[in-house]
Amino acid sequence: MTASILIEAIQLLIVALAAPLLVGSVRKLKARLQGRRGASVFQPYRDLRKLLVKEAVISENTSWIFRFTPYLVASVMLLSSLVVPMLTTRTPLGFTGNIIVLMYLLLLATFFLALAGLDAGSAFGGMGSSREMIIAALAEPTVMIAIFAIALRVGSTSLDEIVRRGADDSLLLLNPGHLLAFVAFFIVALAETGRLPVDNPATHLELTMIHEAMILEYSGRHLALIEWAAGMKLFLFLTLLSNLFFPWGVARTLEPLPVAIAFAALALKVGALAAAVAILETSIAKLRLFRVPELLSGSFTLALLAVISFFFVR
Amino acid sequence: MTINEALMLNLLAGMLSSFGAGAIGALLCARWPRAARVVGHTFALLGALLALGLGLAGLAGGTVSVSIAQVLPIGGVALGVDRLSAFFILVIAVAAVPSAIYALGYTREYEGRYSLAGMGAALNLFLASMSLVVMARNALTFLALWEAMSLASYFLVMTERDDRETERAGWLYFVMTHAGFACLLVGFLLLSHATGSMEFAGWQAGAAAVTGTTRNLVFILLAVGFGSKAGVIPLHIWLPQAHPAAPSHVSALMSGVMIKLGIYGLVRVGFDWLSGGPAWWGGALLLVAAISAVLGVLYALVEHDLKRLLAYHSVENIGIILFGVGGGMLFQTYHLPALAGLALIAGLYHTLNHAVFKSLLFMGAGAVLHATHTRNMEEMGGLIKRMPQTAVFFLIGSVAIAALPPFNGFISEWLTFQSLLLSFQIPDKAVNLTFALSVAALALTSGLAAACFIKAFGISFLALPRSEHAESAREVGFSMRAAMALLAVACLVLGVAPFTVLKFLSKTTSELLGATPDMQFTWNRIVTGGSFATVSPLWIAVALAALLASIPITLRVFRANTARRYYETWGCGRAVQTARFEYTATSFANPFKRVFSVLYRPVKELAIEFHPESRFFVRTISYSNEARSIFDDAIYGPLNRMLRSFAQRVRLLQSGNVNVYLLYILVALVVLLVIAR
């Protein structure tokens with residue numbers, strides 16, 4: 001019992017505290033790759049502190065939805081961090097939901113963010129909401145088919161089971177279906193977390209922003225919560241990618257030493273994926289909005305191929 | 001607990017006499033509209049409450065059978081309740097109780113404009129015939145009640161008959177429902193002929209003997225007949241016309257309940273009367289499910305009439321339900337009754353959930369219509385400040401229909417996903433692939449549905465009012481809000497405590513399939529397929545609420561600035577912000593229209609009238625960008641033309657001369673006598 005509470009507390013703290021660091025590291029690495037010095041990796045913490053001491057300026061047109069959304073979005077991310085197997089395959093709250101539940105929880109957060117985008121009555125917010133939703137809707141089939149591919153391999157959709165059975169499977173990476181599903185899920189993760197080539201997290205150019213347009217009216221503590229939640233979402237997706245597809249080092253027991261090793265492994269894997277994101281963002285340009293469906297249907301095809309390959313090799 | 005038959009019989013008799021009293025009472029009060037309104041709807045409420053009791057008693061195991069041989073020829077009236085019937089009675093009652101409460105307030109403004117006596121009588125007849133049709137135990141009883149249900153709902157649709165659009169919608173509904181009825185009639189007669197019985201029990205017993213073409217033909221005819229009532233694509237065209245034209249509480253009943261009786265029929269055909277068939281039956285249902293779900297939501301996305309948008313979502317949700325039903329049939333074909341049970345539970349649970357949240361949404365739309373006198377979303381906006389309670393109820397309905405936790409739509413969609421994912425146990429690659437594509441279609445549907453309800457709620461309720469009607473909207477009366485509150489609470493309860501319903505449903509499917517479904521559940525957890533998947537909706541809700549409460553506390557502990565200043569929306573330095581700067585429903589839907597342009601084939605027209613002196617001054621701009629229905633173009637248009645030209649030819653027979661008509665009768669008689677000799 002104590003161990004369970006401790007594990008959940010550690011997971012919550014990792015996601016809550018490391019999310020700004022992850023965002024800062026990606027920005028720093030991108031800056032270095034682009035030949036700039038870049039801000040310190042701790043800059044996001046300073047930004048959050050600054051936002052928290054400022055008062056919130058709220059549009060007169062908004063309703064309670066606008067003020068409620070930041071709290072809901074942050075809560076959803078914190079709840080997800082309790083469910084995702086981060087360090088062990090015995091996540092104490094793992095029973096509350098499988099991977100599909102997790103995806104719907106994230107969709108709940110997107111739903112309210114998009115409503116909040118419409119709440120202020122500005123054209124930017126509406127534009128952001130509309131675009132965010134078409135990307136979210138088109139990403140959904142890929143997510144589910146990639147989940148189907150995983151479920152076919154391990155015979156379960158429970159997050160802990162996927163990691164455990166994946167770790168037992170020594171030929172995992174030689175499996176073409178597994179790699180196809182990984183690529184598909186990676187593309188979807190980029191789309192869901194608003195990274196290039198789908199959305200540019202650094203832009204404030206009116207016509208190209210998607211996520212940033214949606215949250216344009218936010219300020220003060222509300223903006224802090226939303227920025228923090230966006231960082232947590234990135235962290236959660238990278239954790240999912242590393243633990244579901246490369247389940248190495250994840251602890252099977254709740255002993256201190258395996259958990260410590262798992263922590264180091266998680267840091268390495270998420271760090272490697274973050275570096276991949278930074279390199280990718282440096283080397284490619286943002287796609288036009290109406291080219292994004294092509295990218296997403298490409299990732300859908302990969303996921304479907306993964307499923308088909310499992311049917312034929314089993 | 002054992003339910004004795006006397007109790008069931010009393011509930012049944014009480015329900016029928018309430019509906020009867022409501023219908024007759026409303027007609028007797030025809031000269032006093034207020035009395036007709038109160039009498040008709042109060043008795044409807046009483047009858048619906050008794051129906052609720054009957055449904056619950058039936059689900060708890062109560063049975064009843066009534067047969068009166070004298071009333072109808074060939075077998076008389078035969079009624080009976082098993083668990084499946086009882087479940088559908090429950091579904092009807094769950095929507096009917098709040099609808100009757102809502103109608104008490106909603107119909108007040110009909111006084112003096114439309115006949116409240118006729119409306120009250122038709123409503124009671126509609127509720128009675130729906131509750132009875134699921135109890136019918138022979139072909140003729142079923143068909144008579146089915147027709148009574150269709151006619152009663154037709155009269156309800158035609159309430160506001162002075163509107164040309166309503167007239168057209170009613171006509172379309174009348175034609176489509178009778179085309180469906182004809183299919184059912186032929187199918188029933190074929191099945192009766194093949195099994196030698198008009199009783200449903202006889203069909204079940206003799207179904208194994210019906211083979212080959214007859215069996216397939218019966219299935220196709222009955223599937224088309226029930227499918228047209230359920231509103232599956234491409235038999236859906238009446239639904240988005242007829243449902244919005246009816247008064248809102250009737251729309252709630254038609255969308256929430258009546259179309260579900262098509263599902264009831266399909267479940268009876270697939271799992272009871274014919275009990276199993278070749279794989280292509282289930283495969284065809286999955287295909288229809290995918291088309292209905294995806295196209296239903298896509299048409300809803302470009303629809304800006306709030307009630308019609310909801311009607312298209314009914315098409316979508318029927319698709320989601322059919323994923324469960326069709327999947328169940330496929331599992332049955334491959335002798336996996338435990339999985340068939342799971343799939344059927346998912347479909348039936350979504351049936352109940354859809355009845356709850358769709359009634360809620362139609363009532364919300366009705367409240368908005370009541371307050372703003374428009375169904376056009378582009379003239380709404382800002383209603384959350386003017387109708388705060390209605391807004392909360394509509395939001396709960398929207399989150400529920402978008403299948404987001406912790407509300408009820410999520411649980412049934414989650415169960416549907418699990419049953420589709422578990423299809424890998426079927427040892428047939430083509431079937432596996434069909435299921436994989438179904439998973440993708442369902443996922444796309446749920447994403448698009450979320451987008452559509454952001455549009456529906458965001459454009460109608462948020463930001464600034466877009467017209468004077470919306471500006472001057474006021475919160476609706478108590479009875480309407482009470483009805484919506486009941487349904488909103490039901491959305492939450494069915495979402496966090498699904499075990500209450502699953503307990504009954506697993507018994508229902510066990511009774512139908514003879515095997516327990518592949519799921520375990522306790523008060524706080526559902527587990528499917530061994531350890532394949534778990535969900536604990538109660539914990540999700542509790543944890544989410546706890547985290548929501550803890551964040552503001554944490555912010556205070558860390559001394560975050562909790563001050564708040566109200567200021568105008570940032571507008572690039574514009575002087576004033578008006579509603580004209582807002583994103584509209586059309587603009588919100590535009591990316592979807594572009595991405596799926598193959599399906600919409602939008603017709604864009606832009607006409608600009610310039611000032612005669614200079615092209616830099618514009619007098620008027622008219623822009624229209626309408627989506628065309630591919631079904632109207634490809635199926636119903638040609639069909640309509642063919643019928644017309646056929647009718648033109650047949651007209652030659654009609655000379656208007658009575659003697660010629662008498663000759664026709666004589667010839668027909670002689671021919672019949674020769675054949676029947």
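**Figure 1. Thr177(B) in helix 6 of chain B.** Thr177(B) is found in helix 6 (residues 164-195) of chain B; helices (H or I, at least four residues) and strands (E, at least two) are DSSP runs, numbered from the N terminus. This is a predicted model in which local features need pLDDT of at least 70 and side-chain atom pairs count only at pLDDT 80 or more, while totals for chains, interfaces and linings use all residues; side-chain values use heavy atoms, with hydrogens and water left out. Residues are numbered from 1 along each chain as its sequence is written, and chains are lettered from A and ligands numbered from 1 in the order in which they are written. At 9% relative accessibility, Thr177(B) counts as buried; buried means under 20% relative accessible area, exposed over 50% and partly exposed in between (1.4 Å probe, protein chains only). Leaving aside neighbours within four places in sequence, Thr177(B) is in contact with Ser150(B) and Lys229(B), contact meaning heavy atoms within 4.5 Å. Ser150(B) is 27 residues from Thr177(B) in sequence, and their C-alpha atoms are 7.0 Å apart in space.

**Figure 2. Tyr566(B) and its contacts with chain A.** Tyr566(B) belongs to strand 6 (residues 564-567) of chain B. Its relative accessible area of 38% makes Tyr566(B) partly exposed. Apart from residues up to four places away in sequence, Tyr566(B) touches Ile58(A), Ser59(A), Glu60(A) and Arg67(A).

**Figure 3. The hairpin of strands 3 and 4 in chain B.** Strand 3 (residues 519-522) of chain B and strand 4 (residues 525-528) of chain B run antiparallel and are joined by 4 bridges; two strands pair if DSSP finds at least two bridges between them. A hairpin of 2 residues connects strand 3 of chain B to strand 4 of chain B. Within this pairing, Gln520(B) stands opposite Val527(B) of strand 4. In a regular strand the side chains alternate between the two faces of the sheet.

Figure 4. In chain A, Leu196(A) and Pro197(A) are joined by a cis peptide bond with omega of about 5°. Pro197(A) is placed in the loop between helix 7 (176-192) and helix 8 (211-214) of chain A. In chain B, a cis peptide bond joins Ile233(B) to Pro234(B), with omega of about 10°. The loop that holds Pro234(B) lies between helix 8 (212-230) and helix 9 (239-245) of chain B.

Figure 5. Ala403(B) is not a glycine, yet has a positive phi of about 60°. This residue, Ala403(B), is found in the loop between helix 16 (388-401) and helix 17 (408-421) of chain B. Ala403(B) is buried, with a relative accessible area of 0%. Arg559(B), although not a glycine, has a positive phi of about 60°. The position of Arg559(B) is in the loop between helix 22 (537-557) and strand 6 of chain B. With a relative accessible area of 74%, Arg559(B) is exposed.

Figure 6. Chain A has 11 helices and 1 strand, which run α-α-β-α-α-α-α-α-α-α-α-α from the N terminus on. Of the 314 residues of chain A, 64% count as buried. Among contacts between residues at least 6 apart in sequence, 80% in chain A join residues at least 24 apart.

**Figure 7. Chain B as the setting for the remaining views.** Chain B has 26 helices and 8 strands. The radius of gyration of chain B is 26 Å, close to the 26 Å that the globule rule gives for 677 residues, so chain B is as compact as a globular protein of that length. Its C-alpha trace spans about 90 × 70 × 60 Å along the principal axes. Buried residues account for 58% of the 677 residues in chain B.

Note on methods. Rg over C-alpha atoms; globule rule 2.2 N^0.38 Å.
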